[in-house]
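This briefing covers nonpolar packing and backbone geometry. Please consult the sequence and the structure shown here.

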Amino acid sequence: MWWGGRGQSFNISPQKEEPEMGLSRPKSDQGSRMPEPRSNQPSSFLASGCLPGEQILAWAPGVRKGLEPELSGILICTNLRVTFQPCGWQRSQDIPVSSEYDFALVNIGRLEAVSGLSRVQLLRPGSLKSVPEEILIHGRDFRLLRVCFEAGGLEPQAFQVTMAIIQAKAQTYQDQLYAGVTLSTAGQSSGPRKPPVPLLETSEDWEAERKKQGARGWRVSTVNERFDIATSLPRYFWVPNRTLDSEVRRAFGHFHQGRGPRLSWHHPGGSDLLRCGGFYTASDPSKEDIRAMESMLQAGHSDVVLVDTVEELPSLTDVQLAHVRLRALCLPDSSVADDKWLSALEGTRWLDCVRSCLRKASDISVLVTSRVRSVVLQERGDRDLNGLLSSLAQLLSAHEARTLLGFQSLVQREWVAAGHPFLTRLGGTGGNEEAPVFLLFLDCVWQLLQQFPTEFEFSEFFLLALHDSIRVPDTLTFLRDTPWERGKQGGQFKSFTQVYTPPAGNAVNQQLSVWDWGLRYSNKQIQQFHNLGYDPEHCPDSCFPRQQLSFMVPGPPRSVWLFSRGALTPLNQLCPWQDSPSLLAVSSRWLPRPAISTESLADQEWGLPSHWGACPLPPGLLIPGYLGPQIKLWKRCYLRGKPEVQMGLLAPTISGLQDELSCLQELLRKWAPGLSPEDHSEKRDPNTILSQPC
Amino acid sequence: MEIHTNDKEVTEKEVTLHLLPGEQLLCEASTVLKYVQEDTCQRGIYGKLVCTDFKIAFLGDDDSALESDETQFKNKLIGENDITLHCVDQILGVFDEKKKTLFGQLKKYPEKLIIHCKDLRVFHFCLRYTKEEEVKRIVSGIIHHTQASKLLKRLFLFSYAAATQNRTASDPQNHTVMFDTLKDWCWELERTKGCLKYKAVSVNQGYKVCERLPEYFVVPIALPEEDISHFQGHGIPLWCWSCHSGCALLKMSALPKEQDDGVSQIQKSFLDGINKTIHRPPYEILKTEDLSSNFLSLQEIQTAYSKFKQLFLIDNSTEFWDTDIKWFSVLESSSWLDIIRRCLKKAIEITECLEAQNVNVLLLEEHASDLCCIVSSLVQVMMDPHCRTRFGFQSLIQKEWIMGGHCFLDRCNHLRQSDKEEVPVFLLFLDCVWQLVHQHPPAFEFTETYLTVLSDSLYIPIFSTFFFNSPHQKDANMGRESQDAQSSPLNLLTVWDWSVQFEPKAQTLFRNPLYVEKPKLDKSQRKGMRFKHQRQLSLPLTQSKSSPKRGFFREETDHLIKNLLGKRISKLINSSEDLQDNFREFYDSWHSKPTDYQGLLLPHLEGPEIKVWAQRYLRWIPEAQILGGGQVALMSKLLEMLEEVQRLQEQVEERHHSQAALPAEVPPAPRHSARLSSLFPFALLQRHSSKPVLPTSGWKALGDDEDLAKREDEFVDLGDL
C-alpha cells in the first residue's frame, strides 16, 4: 500500500521534467516493435549521461511506479549505477549524477523481483528464476525504486537488466570497482577553480584554518606529509607550538595506529579540544616520550580532562544493528501496526544511539566552554566516535560550525581528513565492519536542527542531500577509508612509496569533492540548502570571555581528570605507563586512583543537567534535549516511502515572507535611496504562498 | 535552605492575597516551604499557603522576583502559584518518606503535601516548619474543599456572579455564535446552505419538551414537530451541519431500552415513521453510525488518560529519568495516542461518506452527548474552514458541546460526586484538534497555546461555559426561569471573553501568524467557490459502491431500528472490508495531493504522526524544555519578519499617499529577542522559581580558588564588551 514517495530524495517539486509526450518517445517506439537484440543499444541517448569509464551493461524499458506521476522510461544498469531514465529527460551536462533517478550500485540494499503474485528476493544470479514483471530496488539510503517492465516481447531485456543488476551489485563488494573510473570532469573545463570548501590537503589550508580559530599556541606539523606515521592521518595536523616534530613522531608511536593527540578545535574562550587514539600499551616509552606525550595532551593548560569516548556510547555493532532494524521498520511494507509503532521504534534502539551521542556531546561541550582547559577525546581507533563527538561538540558551542560553509569544513576536517573509514563503515568493502557512524552523526545534527530551528544556516534538505551523497560514486570524499587512499586516487601523487611530488599548479584544486553540489543538484535545490529561519543575530561574536593571558602554562598539569559516566574523577597521571606497569595488562584504559576526595565528588553531582543550567554558560552554547519526548524520528529521511513525509513545513510561508520582505525593501530603496534596510534576505522564487496578500 | 538573600532593601514586603469579588478566605498556614520542583535537592521558598473558596494559593515571601514584567503571558485570574479548587486532581501526603493519597478525615497529618493538578502541575509543600494547628486546619481544609462532593449552587461561579452583579458587564463584543437563540441556528443553517432541507424549531422553548436538549435546534424540514415530544427528544435526528454537497451530519440519541414488548413495538413504529420522513426526498440516503458499539467506550478513555497523565505527573527529575528510558513503550501502553488516532479515523470515515459518497450520516449514541460531540466537531473542523478560525471554533464548541448537552459538570467531576463519571472527553477532542493544528499549521487561525489555555479554562469556576451539564441546567440555576422580576438573572461570564483572563498582548499568542487566510472574494465569486470546492470528489468514485440501489435503504432502516432498540447485531450491512477500502482510497488520494488550507483537511494517522501535545503535557517539566529552541524560536523569527513586512507595507502605503520625500526614517532598533524556551509561553513562568545563578559547589571542586577568581574577572569583562 505504501509504495508512494520512495526514490524521491527531495521535497522539491519535480523540476518540470515530465516528459513531453509528443517528442521522441524511444520507449514506446521500441516497445511496439521487437528490437533486434544487440544492435539496438540506445547508446545515443544513454551514453550522453555516462561518466568517463562507465559502461552500460543492460537496459530495459519500464514504468516507474509508486511516485506521482508515474513515469515511463528506461531502466539502465551500468557498472556504476542503476538509473531510471524517464523518456524525454535529458541528463544535464552539468549534473552528471541525478539525485532523483540514480541509484549507485553500492547504495542498493535489497533487490526484489515480482512476477505474478510472488515476490522473491534476489541474492544471487541464480535466484532469478523467471522473467520479472517488476523490480524493486531498495536503497540503503531509504529510497525505493520500483519499475514495472513493459510486456510485449521485451521480456528478454527485462531479464537481462535484472540479471545485470544482480551481478553488478554482487561485484561492488570487490573493492576495485571504482578503480577504472576516472571521475566526473564536469567543471574542469572552466579552468582552475577553488574548491567550495577547503579540502585540507595542503598545509596552507590548515594554516588558514588555524588562524581562523585563533589557536595561537598551535602550529601545523608536516611530520606526516608522506603518510609515514599513519596513512589514516591527514598529511598535516595541529600540534602544540612547543612540541618539536621529532617529539611528535616519537610520541605518536605510542598510540594505537600512530594516532597521537592532535588539536580538533580551539574554543575562542581558550579551551582546546583534542582527539587521539588509545595508548599503545605494548610499547615501552622512554621518560622523554612520556613527557612529550603529556605535554601534548596537556596543551599548555593546567587543567586536563580525558574523555573516554566509547564509554556510554553504543558500540559500532550496536549502531549497525540499530540501523538495520530501523531500515526494516521504515520499509514501506513493514507490517507494524500504527498503534504498535512507538514500541517498534523504541525496539530499533536507533533513537537511543542518537540520544546517547547527544548527551555525551552536550557534556563535552560544557566541559570545553565552562572553563579553560584541555579536553582530550580518546577512542582506541580515533576514527569513529571521536569524530562524531568532536563535531557535535563544535556544533553545540560554536556558531561558525552552524553555518553552511562551517559545517562542510567541519565534516571535511573531522571526518574526511581525519580518516573516518567511510568505505568500510558504509559497507563498501563487504566486511563485517559496517557501521553507519556518519549517518548517526547526521541524525544527531538533524535533532539539533529541529530543536534549534533558527540556529543553523543549513536546512534539513542539506542534511538530506548529504545523507544521500554518501554512496554516490562521483567524488571520492566518502568512497575511501583514509586520506592516503583518497589522495592516491585523486592523482595527487603517483605512488606513496616514492617521493611525494607536490601537485603542479592548480592540479589539487581541480579535485572535485562532495561539496561540489552542482554535480548532483540543481541550483533550485541548492538554494533550499539554506535554512530560512536562520537568525544570525542570535550569535553575537563577543559572547566568549576574553582569552586568558596565561595561556601556555609551562610545567605539569595541576589537575588531571577522567570524565566518565557523567562525572569527573581525579587521575594521578595522564599516561598509563609511568608508575604502575601492572595496569597495562589489564586494559588500555587508566584505572582512576581511589577517589581521595570523595566529598568533593559527592558535591559535584555531575550528570544532572539542571545543574548545568546553574553554571554561567556562554550564551552561544546550545544545550540539546536528549529525553524521550525530545528525540524525534527523522521522517523526511527514513520514511520517504510513506507519503505523509512530505507534510508541510513552515518553509513555504517563511520563504513567502522573505520574498515579500525583499520585494518591499526593493520598492522602498528605489524611492528613497537614503534608506538602507538591513537586507538579509535573498531573492527567491515568488511562487510560494504568501500568508499576507500583497 | 533559604535562598532569599536581598534582605536589606526589600522591607519585608507582605504579600497580599488577591481575592476575586465574592471570594472568601477559608484557612491559611504560614512558614510553609514550597519546594522548587526541578531537582532532588530540597530547596524552596517560604511562604503562606492559603485556601479560599476559589483556589489554593501559595504566597511566597520573596514574591517580588515573581512579579517581574517579563511574564508577559500572565493569567489575570490565576497566578503561577494558584490552583483553583476544581483543578486539583489528587492530594498526596508524605508520612515518614512514604506517600499516601489523602482523603476524608485524617488521623495523622503529613509533613509534606503534594498536590497533583489537572493541568499537570505538581506542587510540593513542606509543612515541617508550620505550627501544628495550622497544619491541621490547612490540610483538612484543602482536602475538604477539593474532595468533598458539593452542591451545584455552592460553586464559586454563583458567588462570583452575585458579587459582580452590579458591575456593568462588559459586552465582550464577541463574534462567537452562542446558539441560544433561534436566530443563531438560522444563521448557521444559512451559512452552510442547510436551510433547504432543515429547519430550526422552537418546540422546546422553556424546556417544555425535554431538559436535555437546548431550547432551539434544527431538524429535517419534513419532521412533524409533534414527533419531537414523543420520546422527550430521543429518537429524533438532530442536525449538526450540512456540507457543500448538501449532505448533512445528524445525530440522534437512542431510545431507552424497554423490556416490555408492547412499548418496544411502539418505539419501532415510531422510528419507522421517522425514517420514512427522513428518507423521503430530498434527503436520499442516510447512513447510520452507531458510536456506542464498535467504537470507543468512555471507560477506555478514562483508563487511558489516567495512565497517560502519570507520565507527566512526576514529583522530581529522578522520576522523570526513570520513565525516560522506556518512554516510547510506556507512552504506547497508555494507548492514549491510539485513542486519538481512532477518533480521528472515525471522523475521516464519516467525512468520506459526506464528501465522497454523498450520503447523509446519522450519529447514534445513548445520549448523543459524548462521542457524538467529538466526532461531529472533528468532522466539521476537517471539512469546514470556518471552524478553523477562532470564532468559528468557539461557535462550534458552543453548538456541539454546550448546546449539544455534553455533561461538563459530570465529565470534569466538578462537584466531586462520582469519580466514575469523570472522563476527559473534551480534552480528548482538544488533543485531536491539536494533532490537526500540529500537522497543518497554516490551516488554523488559532495556535496550540490557545488550545492549551482553553483546556486550562475547564477548571476555572468563573465562567459558566464548562460548569453545567446542559443549557437547561444553566438557565434553571441562573434564575432566568423564575419569573419574579425583582431578582434579575445572574450574569455569568463565558470563557470566550478572553479579556477576563488575558491582556490583549498575551492574547496575540492565540493568533497563528502562519494562518493562510481565506482569499477575500466578492460575493458572487464566493458563491461559486462554495460549490467548486477544490478537493470535492477528487477521487475516482467507484460507482458500484455508492449506488443507492444496493438494498441499502431497506436493510439500513431495519438495521437502524434494531440498533435503536438495543438489540445490536454484529454484522454491518456494509461489509467492513468495503468500508476499509473506501476509507483507504479516500485517505490516500487526499494525502497524495497538495493541501488546500481552505478546503478539506485530513490528519495523518500513521504511527509516527500522532504525537504528544508537548506544550500542554510537558510544560511544567523543566527537563523537557529546550532553551532557545523548538518551533517557538522559528515562530518568533517569523513574527519579527511579519512585523517588518507590516512596517514596510505601511511605509509603502504612506509613500503612495504623500508623494513627498520620505523622511529619513530610522530603521527599527534591532529587536533584542530573548531566547525563549521551547515550551513558551508556559515554561517562562516556571523559570522564575529556578535556582541561583552561581556555580554550584561541584564546579568549585574542579579548580582552586585562584582559578575561580580569574573566572569571575572574565565575567566582569564580559559585561564591558
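**Burial, backbone and cores**

With a relative accessible area of 3%, Asn413(B) is buried (buried means under 20% relative accessible area, exposed over 50%, partly exposed in between; 1.4 Å probe, protein chains only). This is a predicted model, in which local features need pLDDT of at least 70 and side-chain atom pairs count only at pLDDT 80 or more, while totals for chains, interfaces and linings use all residues. Residues are numbered from 1 along each chain as its sequence is written, chains are lettered from A and ligands numbered from 1 in the order in which they are written, and side-chain values use heavy atoms, with hydrogens and water left out.

**Positive phi**

- Asn413(B) has a phi near 55°, a positive value in a residue other than glycine, and lies in the loop between helix H12 (408–411) and helix H13 (425–439) of chain B.
- Glu97(B) has a positive phi near 70° and counts as exposed because its relative accessibility is 70%.

**Nonpolar cores**

- A nonpolar core is a set of buried Ala, Val, Leu, Ile, Met, Phe, Trp, Tyr and Cys residues joined through side-chain atoms within 4.5 Å.
- In the largest core, of 240 residues, Leu392(A), Phe407(A), Phe441(A) and Phe393(B) touch the most other members.
- A second, separate core of 36 residues includes Leu263(A) and Met296(A).

**Leu392(A)**

- Leu392(A) counts as buried because its relative accessibility is 0%.
- Beyond four places in sequence, the contacts (heavy atoms within 4.5 Å) of Leu392(A) include Phe441(A) and Leu448(A).
- The C-alpha atoms of Leu392(A) and Leu448(A) are separated by 9.3 Å, although the residues are 56 apart along the chain.

Definitions and conventions
Helix = DSSP H or I, 4+ residues; strand = E, 2+ residues; numbered from the N terminus.
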